[in-house]
Amino acid sequence: MTIRTVVASLTMLLLAGCASNVVTDYDSAAVFGNYSSWAFPERDGDSASFESLDDSRIRAAVERELNREGLDKAAADAADLLVTWQIVEEERLERSGLGFGLGIGRGNFGWGLSTAPPIREVQEGKLVVELVDAQSERVVWRAASRRYLNEDQSPEYRRELIDEVVADMFTEYPPE
């Protein structure tokens, strides 16, 4: 293996580590410079509208990032943008553990048998934040995380993860 191959391999690994954890989309017709205020939409009065622990963490992180962007918090009926979010539940399959393999052979001929590592189903949630133009009621900007929340995470870790993910999301706002 040459030095050139080693350097190229390390560069590829470094670039893969820098890949964004956020996917954004936006309305290319929206003039983001015209937005100066934001609000969370009014909540319904029914019991299903209680704020969860993650809701309060997300609200705090979004508020901090929008303030950093220079947008002012306003009443919902006076804001240019309404901020909505949801945690989208997803299932994914994860291989963990070791497989087993065994083989026998001689010369250029042989036989082998192996098993794959066990697969388990993992339930996770990804955060999606949307900014809605209050007048047209259309989504003008959307960000979705590629990092997941799950029930095994401690409250402190969940808060740090939400803060980090929301900060990553708003590095892409306003779009170029």
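This is a predicted model: local features need pLDDT of at least 70, side-chain atom pairs count only at pLDDT 80 or more; totals for chains, interfaces and linings use all residues.
**Notebook: sheet, helices and pocket**

Started with helix α3 (residues 155-170), which lies across β1, β7 and β8 and runs at about 140 degrees to β8.

Helix α2 (residues 53-68) lies across β2 (37-39), β3, β4, β7 and β8. I noted its angle to β4 as about 125 degrees.

Then I went to the sheet itself. I count six strands in an open sheet, ordered β1-β8-β7-β4-β2-β3, with mixed pairing. At the edges I find β1 (22-26) and β3 (72-73), each of which pairs on one side only.

β7 and β8 (residues 138-149) are antiparallel, and I get eight bridges between them. Within β8, L149 is the residue that stands opposite G125.

Last stop, the pocket. Which residues line the largest pocket? I listed D54, I87, E89, Q123, E124, G125, L149, N150, E151 and R158. I put its volume at about 180 Å³. The elements giving two or more residues to this lining are β4 (81-95) and β7 (119-133). β7 has the largest share, with three residues.

I also sorted the lining by type: five charged, three polar and two nonpolar residues.

Technical notes:
Residues are numbered from 1 along each chain as its sequence is written. Side-chain values use heavy atoms; hydrogens and water are left out. On a 1 Å grid over the protein atoms alone, a cavity is a set of points where a 1.4 Å probe fits but cannot get out, and a pocket is an open set with protein on both sides within 12 Å along at least five of seven lines; lining residues have an atom within 4 Å of a point. Grid points are joined across faces, edges and corners, and a volume is the space filled by probe spheres set on the points. Helices (H or I, at least four residues) and strands (E, at least two) are DSSP runs, numbered from the N terminus. Ala, Val, Leu, Ile, Met, Phe, Trp, Tyr, Cys and Pro count as nonpolar, Asp, Glu, Lys and Arg as charged, and the others, Gly among them, as polar. Two strands pair if DSSP finds at least two bridges between them. Contact means heavy atoms within 4.5 Å. Axes are lines fitted to C-alpha atoms, for helices over the stretch in contact, and angles run from 0 to 180 degrees between N-to-C directions.
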